[in-house]
Amino acid sequence: MGLLADIVKQTNGTPPTTIRSFAPATGELIGEVRITPREEVAAVVARARRAQQAWAVLPVKERCERLLRFRDAIAERQAEVVDLLTLECGKPKHEALIHEVVTTLDLLTYYANNAPRILASHEYPLHLMKHRRAYATYVPRGVVGVISPWNFPLVLSMTDAIAALVTGSAVVVKPSEVTPLILQKMKEIYDATGLPEDLFNVVQGFGATGQALIESGIQKLCFTGGVETGKRVAAACGARLIPCVMELGGKAPLVACADADLEKTARAVVFGGFANAGQVCISVERVYANRAIYEPLVRRVKELTEELRQGDPSHDFVDVGAIIFPKQIEIAEKHIADAMKKGAELVTGGNRKPGPGQYFEPTVLANCNETMTVMNEEIFGPIVPIQAVASDEEAIVLSNRSHLGLNAYVFTKDRGRGRRIAEKIEAGSVLINDVVSNYACAEVPFGGVKDSGFGRVHGEDALRDMAEKRVVMEDRVPMPARNPLWFPYGKDSYRFFQKTARLLFGGGKIVKKIGEFL
Ligand code: NAD
């Protein structure tokens, strides 16, 4: 049952008009937002479109310069933003600052510095129609909708919002109903910058509000969330031919080769598995360890996991915070029960912690195999399952036996071996001797294959895709009014084109020479 169904049950069938946000670390009520009614979502989009028209005509450089005011304001109020992230998500301050605030500020800086170059018009050299010239320009789309999840409520909303604003569109964000306050704060900060009103907007609500946003006349949708929701959202976009980017779930494998650096691999497993309490789409979700290092790796991962300090991040510098969405605790328990029934060994952890607050111990399972749900389905919680494998080949086969393909990790001291494995794993990104860090690289495209979605965020291509590509063609050499390619068709012109086609495409010396020339 989802959050909405739970609430409707508690209120005897009355749909809510507000969303209350509770601190996962303490269970305390920390705020309440009004749900945006369906008709109001359409009105927000209409106002955004009007505001966008003046924004769209500004040169890219000027838009970027103005948007840096938004960056500066977020940077100035970073302590406030970090505190709210820590409170609403129960995540450690380090993670709120580095994973969310710094990544957002850095992406905005990267795009502000590079967008004029990335979005500059460019020519397509034509190999056949030498007399013509074609070039592309990148024009704003209009209004971009963003629907985001609860695990990184700031960065996963702002990544798309920033790209939309830079390319001259307006943006309407529908954050998760589980963490509505962070984007409310972003709206407050944006509105205080003096940047155009109605260009950056937030609507609040459950899935129905997301649906209303898709139906409100937007020109592009960026969705980040679960696979099943993603399928419904992509279908709704498909019915309206709205281009969309789908950033969905992950099941990142970590391949630990026989020659891997044991200490580094163990630390990577623990960080990759338990950062943000494992609620990361690119968490280490399954480890395939070569038998040569399996036992020492399990031992070291156990030691390091047991050193982690877990608790309320608002008071202390803890390593692992709370579980943001309580359903994840039930999911974790089910995975563990299934794995234990099928022969897994509970190395450490395994239990929810007594309240107040929602906590689940960092858990390591060994002796895992592919019949267990924990090795096949997304966990999205603090569990790291480890399976022994006999060879790199076996690790590759098992890594690819998944419907998901977002990130993957390979640990080896041999760069060539790492690359060979990386190039065989079906994933959007494969990191050698590192975990998770690719999301923080503003220049590098991020996204998934298979059920992990389609489209990319970050980097040059994603920014260009956020805009509409318009191709313009013109004469390089003026053509006569009677263009031989136009009417009238006749026997002579047909013979001429027949001969030309034979010359160009029919093989032989002349063709080779022309080919070289073209
Ligand atoms: P979710 O799919 O339940 O919800 C995501 C968003 O979609 C929320 O804002 C929700 O209100 C909205 N929504 C729900 N139903 C909708 C509908 N019918 N139409 C429009 N919008 C609708 O996901 P979640 O539980 O918030 O997040 C966890 C999932 O997100 C995990 O599967 C995780 O792997 C994935 N995720 C992916 C990435 C990535 O970059 N690929 C990043 C983070 C999280």
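This is a predicted model: local features need pLDDT of at least 70, side-chain atom pairs count only at pLDDT 80 or more; totals for chains, interfaces and linings use all residues.

Reply: Residues are numbered from 1 along each chain as its sequence is written, and side-chain values use heavy atoms, with hydrogens and water left out.

Now the sheet. Three strands make an open sheet in the order E3-E4-E22, with antiparallel pairing. E3 and E22 (468–475) are the edge strands, each pairing on one side only. Ignoring direction, neighbouring strands here are turned by 35° against each other on average; axes are lines fitted to C-alpha atoms, for helices over the stretch in contact, and angles run from 0 to 180 degrees between N-to-C directions. Strands (E, at least two residues) and helices (H or I, at least four) are DSSP runs numbered from the N terminus, and two strands pair if DSSP finds at least two bridges between them. E4 and E22 are joined by eight bridges, and Tyr138 has Lys469 in E22 as its bridge partner.

Side chains also link E3 and E4. Arg133 and Glu123 form a salt bridge at 3.3 Å, N to O. Arg133 sits in E4 and Glu123 in E3, so the pair ties together parts that are ten residues apart in sequence. The rule is a side-chain nitrogen of Lys or Arg within 4 Å of a carboxyl oxygen of Asp or Glu. Arg133 is partly exposed at 25% relative accessibility, and Glu123 is also in that class, at 36%. On that scale, buried means under 20% relative accessible area, exposed means over 50%, and partly exposed is in between (1.4 Å probe, protein chains only).

Between E3 (122–124) and E4 (132–139) there is a loop, and Met129 is in it. Met129 is partly exposed, with a relative accessible area of 39%.

The structure holds nine aromatic pairs, one of them Tyr439 with Phe446, edge-to-face at 4.8 Å centre to centre and 85° between the planes. Both partners are buried: Tyr439 at 13% and Phe446 at 3%. Phe497 is partly exposed at 33%. Rings of Phe, Tyr and Trp (its six-membered ring) pair if their centres lie within 6.5 Å, with planes under 30 degrees apart called stacked, over 60 edge-to-face and the rest tilted. Ring pairs also link Phe70, Tyr190 and Phe200 into a cluster.

How many salt bridges are there? The count comes to 37. One of them joins Asp198 and Arg47 at 3.8 Å, N to O. Asp198 is in the loop between H7 (181–191) and E7 (200–202) and Arg47 is in H2 (residues 38–56), so parts 151 residues apart in sequence are tied together. Another joins Glu426 and Lys450 at 2.6 Å. Glu426 lies in the loop between H15 (415–422) and E19 (429–432) and Lys450 in E20 (residues 449–450), so this pair ties parts 24 residues apart. Shared partners also join Arg77, Glu80, Lys185 and Glu188 into one network.

Finally, a contrast in pairing: six strands form an open, mixed sheet in the order E7-E6-E5-E8-E9-E21. E7 and E21 (453–454) have a single partner strand each, so one side of each is left without a neighbour in the sheet. Within this sheet, E5 (residues 143–147) and E8 (residues 220–224) run parallel over four bridges, with Gly145 opposite Leu221.
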